[in-house]
Amino acid sequence: MAESEEEVDVLVQRVVKDITNAFKRNPNIDEIGLIQCPEARYNRSPIVLVENKLGVESWCVKFLLPYVHNKLLLYRQRKQWQDREVLVDITCTLLLLNPDFTTAWNVRKELLQHGVLNPEKDLYLGKLALTKYPKSPETWIHRRWVLQRLHRECCPSPSDQKEQRGQAEAWANGNGPGHGERLQRALHEELRVCADAASRYPSNYNAWSHRIWVLQHMSQGSVKVLHDELSSTRLWVSMHVSDHSGFHYRQFLLKALLGELGQAHNGSQTESLHPPLDPRPAAQSNGEAGACEAGLTDDPHADTIPQLFREEMELCTDLIESYPGHETLWCHRRHVFYLWDRWQKLSQGTGSLSPAVTDSNALLSEVRDPCDELQASRAMDIDCVQDGSKHGGYTQDTKRLKRGPVSPWPGLLSEHAFISQVLGTRSTPEQGRFARAYRKWLDSVIGQ
């Protein structure tokens, strides 16, 4: 074991070099991790590369972290570095072991601004760090900064064009993909990263919040992307019935679709129910988004929005019956039904497919936060139903609901019938308590 300072420096420099060489040998590494090894047993590198997995033996971390920390702080103090490629390797090693070290991400920002790095390479590093630390807040913050910079490069303003021309020669050489293709690829890759991080850490609020941010700033109001996200997360929430973050994401998707579809049917001069996902004018939207929205605008069927709510309520019904006693499911049902009830009342009042501008703002302002609904539900003093249990499994099949009889549109009568059905079956005390709380909420909020 190395003990002197010179031996430690030699050891750490070799480890940093081995990590860099591992990425050169296999540019498709998709996961990192620590190998529990308290001491070096063999005279070999502590960096292990198996297929697309990169492992670091734990014994070298106590030498590696202080070294890269000191090197990075020395650079920050002197503000100069002869070999920027070495600085790239040092920050890469440090962030793979400690992604919440803000200084390292700030150095990477400087390297990006000087053209030493490109955004895709930095996003790749963050993706690997999230496989080990999926909730790292600093990593998600840095990713948003990089994505904003990528968006400016693909859609530059006049003030950014000069900087973009200087960077293009530094790393792109004019051979990169088109701007539209580049943004679309970054969008879909980012959604995959969010989904992977959410599956690695339960109730990963940082990942789901970032996923919402990505749609707001990169999807350009594409109805197709929103529909795809609503479909792809259906199975996920069915397998994580206690994870409120996933259901909150579906609530965001419903409101976003409500806004985009309502705007399409009311005409381009009518404001949507939801703030635009893309801050740029509609004329700057990509062709894919425009084609999707045009197709929905010309669709003669006027039940697109009600169908979305009906399918979501059917999903809630299936999950509540299959997994009794989960408060998250009842809170989600409450939020969806409230949004549906308000839209229905406002649309009937205006005589159009979606509410008017003034009413739409009132609709979104009146939709209560699910966390507040959760606290209100817990505060209710309601008797429990008889003890019992009901076990069932939910199998995702997107075509199953279409094969059965078409259920009526959600309404107070159908909701009370569902509650009576739940209370009439043997179930857990929690299931009865949530059902009674939901009925009280319907009578006090919706029935008024």
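Helices here are DSSP runs of H or I with at least four residues, numbered from the N terminus. Axes are lines fitted to C-alpha atoms, over the stretch in contact for helices, and angles run from 0 to 180 degrees between N-to-C directions.

Before the numbers, a note on the source. This is a predicted model, in which local features need pLDDT of at least 70 and side-chain atom pairs count only at pLDDT 80 or more, while totals for chains, interfaces and linings use all residues. Residues are numbered from 1 along each chain as its sequence is written, and side-chain values use heavy atoms, with hydrogens and water left out.

Now the packing. Helix α3, residues 84-97, and helix α5, residues 119-132, pack at about 25°, and their axes are 9 Å apart. Angles under 35 degrees count as roughly parallel, so α3 and α5 are roughly parallel to each other. On the α3 side, the contact (heavy atoms within 4.5 Å) is made by Val88, Cys92, Leu95 and Leu96, and on the α5 side by Lys121, Leu125, Leu128 and Ala129.

Next, glutamate 415. Where does glutamate 415 sit? Its place is in helix α18, residues 412-423. Glutamate 415 has 3% relative accessibility and so counts as buried, meaning under 20% relative accessible area with a 1.4 Å probe, protein chains only. Leaving aside neighbours within four places in sequence, glutamate 415 is in contact with Met313, Arg333, Phe337, Tyr438 and Leu442.

Last, the cysteines. Cysteine 194 is buried at 1% relative accessible area, and cysteine 316 is buried at 4%. With a disulfide taken as a pair of cysteine sulfur atoms within 2.5 Å, the count is zero.

Conventions. Helix = DSSP H or I, 4+ residues; strand = E, 2+ residues; numbered from the N terminus. Parallel < 35°, antiparallel > 145°, perpendicular 65-115°, else oblique. Buried < 20%, exposed > 50% of the residue type's maximum accessible area, 1.4 Å probe, protein only.
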